[in-house]
Amino acid sequence: MITTLAAFITLQVGQSCCGTMAEFLSDPAFMAMHLTPLRINYQPKEGKNVSLPIAGGKPMTGFYVGPKEGAHSAIIMVHEFWGLNDHIKKTAEMLHDQTGYAVLALDMYDGQVASTREDAGKFMSAVKNDRGDAIVRAAVAGLKSGALGFRPQTIGTIGYCFGGGWSFKTAVQGGKNINACVMYYGMPDMAPTALAAVKAPVLFVHPTKDRWITAKVAQDFKVAMGKLKKSVEVLHYDADHAFANPSNPQYDAKNANDALAKTLAFYKKHLK
């Protein structure tokens with residue numbers, strides 16, 4: 001089944017989202033290391049499903065948790081390989097509880113949630129750059145305009161795996177409207193125009209055992225950002241890809257908790 005999927009993806013990747021994780025989908029090892037998510041039936045405490053308009057296209061959808069009283073910031077969250085599932089919704093509410101910020105978790109798969117790695121690969125490979133860019137722009141614009149009932153003074157981003165790349169691309173598309181960007185083991189867009197567009201400081205969470213987001217990827221990104229005098233900090237962990245994903249049966253709680261603590265400190269420094 002993985003061989004068949006790889007053949008399908010090889011035909012599709014060139015038409016989809018370069019600069020994210022899609023280029024690895026033809027690697028059976030990458031597919032195999034994404035273990036079936038642990039099942040949960042999460043009932044959101046405060047969050048709700050929302051949509052925002054996209055001119056000339058179907059609306060973007062997501063999961064939104066409003067801010068606590070006195071909070072002035074929002075986080076745009078982008079899901080990993082499996083889509084906007086219950087684990088991501090739970091993580092969105094956890095991040096809200098930890099910070100008080102509003103959190104908008106985007107649905108890059110337009111309503112599709114995977115329960116098998118084959119479906120996840122298909123959904124991920126089908127995300128086109130134009131559609132993805134439109135989704136993240138709509139999220140930034142919707143927050144800035146107060147369309148969800150709250151107008152944040154500052155906005156941060158966060159994403160995991162596939163979403164790590166899209167967290168960075170949100171900072172690219174959002175420009176000066178994004179004030180902090182966190183990437184968990186995602187592929188940065190190294191195009192000079194993309195790097196130049198980013199105004200936010202970046203925190204890059206890198207597992208040293210990751211065979212795809214390698215030490216060279218992290219170092220090349222740090223050097224490229226440095227040449228443009230962009231702020232980037234790389235956190236290295238003795239861990240594997242997806243170590244911070246709580247739906248992963250091999251979830252690494254110790255390193256994940258440390259990365260979360262440093263993420264929260266990063267937000268506290270750069271957001272209001």
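Is Trp82 buried or exposed? Trp82 counts as buried, because its relative accessibility is 2%, below the 20% cut-off for that class. This value, like the others in this report, comes from a predicted model.

## Confidence

The average pLDDT of the chain is 91, and 93% of the residues score at least 70. Residues 1-19 have pLDDT under 50 throughout. For this stretch the model has 37 contacts beyond four places in sequence.

## Aromatic pairs

The count of aromatic pairs comes to 14. One of them joins Phe30 and Trp212: the ring centres are 5.2 Å apart and the planes stand at 80°, so the pair is edge-to-face. Phe30 belongs to helix α2 (residues 28-32), whereas Trp212 lies in the loop between β7 (202-207) and α8 (215-227); the pair thus links distant parts of the chain, 182 residues apart. Phe30 is buried, with a relative accessible area of 0%, and Trp212 is buried at 6%.

Phe81 and Trp82 also form an edge-to-face pair, with 5.1 Å from centre to centre and 85° between the planes. Phe81 counts as buried at 0% relative accessibility. Together with Phe24, the residues Phe30, Phe81, Trp82 and Trp212 form one aromatic cluster.

## Helix α3

Helix α3 covers residues 86-99. At 1.5 Å a residue its 14 residues should span 20 Å, and the end C-alpha atoms are 20 Å apart, so the two values agree. At the start of α3, the backbone nitrogen of His87 has a side-chain oxygen of Asn85 within 3.1 Å. After the helix comes Gly100, with a positive phi near 85°.

The buried residues of α3 are His87, Ile88, Lys89, Thr91, Ala92, Glu93, Leu95 and His96. Elements covering these buried residues include the strands β1 (48-54), β2 (57-65), β3 (73-78), β4 (102-106) and β5 (154-160), as well as helix α9 (253-270).

## Cysteines

The structure holds 0 disulfides. For Cys181, the closest cysteine sulfur is that of Cys161, at 15 Å, which is too far for a bond because a disulfide requires sulfur atoms within 2.5 Å. Cys161 counts as buried at 2% relative accessibility, and Cys181 counts as buried at 0%.

Thr193 is found in helix α7 (residues 192-197). Thr193 is exposed, because its relative accessible area is 66%, over the 50% cut-off.

How values were computed: Residues numbered from 1 in each chain as written. Heavy atoms only, no water. Helix = DSSP H or I, 4+ residues; strand = E, 2+ residues; numbered from the N terminus. Expected span 1.5 Å × (residues − 1). Buried < 20%, exposed > 50% of the residue type's maximum accessible area, 1.4 Å probe, protein only. Contact = heavy atoms within 4.5 Å. Polar contact = N/O pair within 3.5 Å; in protein donor to acceptor, adjacent residues only side chain to side chain. pLDDT = per-residue confidence, 0-100. Phe/Tyr/Trp six-rings, centres within 6.5 Å; stacked < 30°, edge-to-face > 60°.
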